[in-house]
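Please look first at the sequence and the three-dimensional structure shown below. The paragraphs after it lead the reader through selected features.

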Protein chains: 4
Amino acid sequence: MSSPFAEDVPNHRNTQRLEAFSDGVFAIAITLLILEIKIPKHEDIERFGGLASYLTHLWPSYLAYVFSFVMIGIYWSNHHWLLRFVYRTNHTFNLLHIFFLMAVCFLPFPTAIFGEFFTNPALQIPAITTWCVGFFLPIAPTLALILYAFRRHRLVHPRLNRGFMRNLVLKMVASLTFSLIAIASSFWFPMIALSLMGMMWLLFFLPPAEPVYDEEPTGTME
Amino acid sequence: MSSPFAEDVPNHRNTQRLEAFSDGVFAIAITLLILEIKIPKHEDIERFGGLASYLTHLWPSYLAYVFSFVMIGIYWSNHHWLLRFVYRTNHTFNLLHIFFLMAVCFLPFPTAIFGEFFTNPALQIPAITTWCVGFFLPIAPTLALILYAFRRHRLVHPRLNRGFMRNLVLKMVASLTFSLIAIASSFWFPMIALSLMGMMWLLFFLPPAEPVYDEEPTGTME
Amino acid sequence: MSSPFAEDVPNHRNTQRLEAFSDGVFAIAITLLILEIKIPKHEDIERFGGLASYLTHLWPSYLAYVFSFVMIGIYWSNHHWLLRFVYRTNHTFNLLHIFFLMAVCFLPFPTAIFGEFFTNPALQIPAITTWCVGFFLPIAPTLALILYAFRRHRLVHPRLNRGFMRNLVLKMVASLTFSLIAIASSFWFPMIALSLMGMMWLLFFLPPAEPVYDEEPTGTME
Amino acid sequence: MSSPFAEDVPNHRNTQRLEAFSDGVFAIAITLLILEIKIPKHEDIERFGGLASYLTHLWPSYLAYVFSFVMIGIYWSNHHWLLRFVYRTNHTFNLLHIFFLMAVCFLPFPTAIFGEFFTNPALQIPAITTWCVGFFLPIAPTLALILYAFRRHRLVHPRLNRGFMRNLVLKMVASLTFSLIAIASSFWFPMIALSLMGMMWLLFFLPPAEPVYDEEPTGTME
């Protein structure tokens, strides 16, 4: 009755394929960003008085490209860091993970909106709000993923330290709160929203903490 | 005369490369969906009275993005589940598989049609029909794949349970029937078609059954 | 002085990374095809008298999608078949391989030209010629790749049968000739060119021959 | 307190995942190039007097496609060559690497600008400058990557020869200088800039030097 394939454990699987698929999705989402920097049409060039002037006028698009590229790159890096200690997966985690990837893949859209409309005074505020929303979207499913995986050491190593897990959850709750504040403030104080996002972006560059393991398992496996 | 490479078995090969290639295709198809949410032009923004109003007006596009993203994500997940017990491949299975991937890769097109024209009363019905067709397209080659692989245990483990295989075939025949009903009803009762698709979509979230293996092989290998 | 990495053999390397990179390129080229089926604008729909009529009018695009998807899919499949016996690579082979991938990645362009302009009587002939050229482009670098790899058993197993290699070269020379005839005839007899391409396309479905190995090495390794 | 996963070494990791992710990014960036060759609209065809005439008029786009495709292909090839002796990575190297990939992914944009505007006399100079800048962008982060990895044998094998490393750094400094000269000269002597780039491009075809290892470690591991 049992499966003839040694590696088959019912319900729980290793994360190898989840990682391969995610690597692909990250790689594509990051590369699609360049498609949002639009090649000018002849009338655009005339409007801006030459190709050189058009290309320098694109600076918010370049800024958005750099910002989003680094952000997706660091999400990719942190994702691998996370899957070093979340070392198993199941159907529910896979589904939550799809929602996480959905939020990451959405990033080219707010990036393009920001790049296109930031320099237009009438549209600056919604352009900034859109970008803040895009920044916020992957944080919520990340929090859901770690809460689900950490709950009673469900998908992590039984010796993974509880304090380490608590710190990570707190950090994600803080990120969530900050990005909600950024969204809210973007309606009235767009430059404060931009600064908050810049600050959070710089914090992304910090290396993630090394996972801590107890000598004895303290969690109960489900 | 025989091949010097140990892993070379004439005609039958393992599915490793088929999976790697499919992972790539799934990852790209899922990521391309965002390209179908169009960045507005200045005249679009004027027509809708502002960027914020334009962006909220895009709700069918967001809905279609979420719906199709989850659908491709779950196809990816079920594909891996399938290739756990369809553990070998041959030339014919590879060809059938190309038609399956072709149907999956087609999904961004009906998704975009739906997102673009659903809110236009005159075009709502063909927009819904198109989406139902897109939903239906991958089901037929999936059925062909499993019928070919299951026939006399052709590409599955000899101990794989016949009842398990029969159930899976029945489930795919039911999906095929439901999606054909959705397409047909979309012409006269578009909202019923949408509800049927929503129901099928929710059923997608259920975890697939664990494969069942007999103690003794009951199938004959070809 | 020698490399401390066991797998490092100067100049010759295994093909693992070449395959992984090629799998990625094939997967993306095949998925990009859907982007060439254009979402209609409102004026297109009015011109064709409705969305349903527009969508049925797109049949050459669907045809080109299916044709090119299968073609890239089978190139992928045959590429893996080739790299079973071309089991090593070097710098020159990698460079030739880049030109091969360049020709494969070009396919979405002639596919789109064909789908867009085939039904326009004034543009039908150049649309067909373009497609024939797209079909022809990957054949020349494929021939270069196998001639380079087979020459004095340069990158293949020393026991690989000479007759098997000769047959493969002849088959590629025949494909090259046929596609040149298709290009030439497309200027005056476009339907004959289309038929030739359809025939070659159907021949693609045939499984490739199993490689044949001699009992004793007959080639000299360089 | 220590990690239960054998392969976990704090701070330093192997480069396997960095390579898989980079392979994906290279594969996508190289394939996106074809999207920059635009499918003509009916008015474009009328303006150029026919489809055949339009397609031949696209020659700078084809040239840019071939040039950029080969360039990304060789970057991919050299990247693998580099990661044979830079065999470990850490957080800082990963971040620098993201900037390197960002520069590679930017290439479709200057490629499209060049292809679109090179034949327009009024826009030829900025089109060439843009392309020179695109060519230059990946060189700076490549230099940063090797300087960081080589510094006191930080991420390379302790026996890697110092002279070999010095030569590689010198080669990258020379490339950087040449491409800055190409950018500067493009403003006044665009054809000289193009020739410089063509020369650098041809030098790309040369196989990279084999890494040299000393008998005894001469570097100190940090």
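The model is a predicted one. The size of an interface is often expressed as the accessible area lost when the parts come together. For chain A and chain D, the buried area is about 3,700 Å², and carbon and sulfur atoms give 75% of it. In chain A, the residues that lose the most area to chain D are A:I39, A:W76 and A:R84, which together account for 17% of what that side buries. Chain A brings 43 residues to the contact, and chain D brings 40 residues.

Across the interface of chain A and chain D, three residue pairs are found in polar contact, whereas the number of salt bridges found there is zero. On the side of chain A that touches chain D, the elements giving two or more residues are helix 1 (16–32), helix 2 (42–48), helix 3 (51–57) and helix 4 (59–85). Helix 4 of chain A gives the most to this side, with 11 residues.

About 3,700 Å² is buried between chain C and chain D, with 75% of it on carbon and sulfur atoms. The contact draws 38 residues from chain C and 43 residues from chain D. Helix 1 (16–32), helix 5 (91–106), helix 6 (108–117) and helix 7 (124–136) of chain C each supply at least two residues of the side that touches chain D.

Side chains of opposite charge can pair when their charged atoms come close. Over all chains, the structure holds 12 salt bridges. One of them joins B:E210 and B:R84, whose closest N and O atoms are 3.7 Å apart. Because B:E210 lies in the segment after helix 10 (190–204) of chain B and B:R84 lies in helix 4 (residues 59–85) of chain B, the pair ties together parts that are 126 residues apart in sequence. B:E210 is partly exposed, at 32% relative accessibility, whereas B:R84 is buried, at 12%.

Another salt bridge links B:E36 with B:K38, with the closest N and O atoms 3.8 Å apart. B:E36 is buried, with a relative accessible area of 10%, and B:K38 is partly exposed, with 40%. In chain C, C:E36 forms a salt bridge with C:K38.

Finally, A:I125, A:F187, A:W188, A:F189 and A:I192 make a nonpolar surface patch of about 570 Å². A:I192 lies in helix 10 (residues 190–204) of chain A and is partly exposed, with a relative accessible area of 46%.

Note on methods
Residues are numbered from 1 along each chain as its sequence is written. Chains are lettered from A and ligands numbered from 1 in the order in which they are written. This is a predicted model: local features need pLDDT of at least 70, side-chain atom pairs count only at pLDDT 80 or more; totals for chains, interfaces and linings use all residues. Side-chain values use heavy atoms; hydrogens and water are left out. Patches are made of residues with over 30% relative accessible area and no salt bridge: like charges are joined within 9 Å, nonpolar side chains (Val, Leu, Ile, Met, Phe, Trp, Tyr) within 5 Å. Accessible areas come from the Shrake-Rupley method with a 1.4 Å probe; for residues, only the protein chains shown count as cover. A salt bridge is a side-chain nitrogen of Lys or Arg within 4 Å of a carboxyl oxygen of Asp or Glu. Helices (H or I, at least four residues) and strands (E, at least two) are DSSP runs, numbered from the N terminus. Buried means under 20% relative accessible area, exposed over 50%, partly exposed in between (1.4 Å probe, protein chains only). Contact means heavy atoms within 4.5 Å. Buried area is the accessible area (1.4 Å probe) that two parts lose on being put together, summed over both. A polar contact is a pair of N or O atoms within 3.5 Å; within protein, one must be able to donate a hydrogen and the other to accept it, and residues adjacent in sequence count only if both atoms are side-chain atoms.
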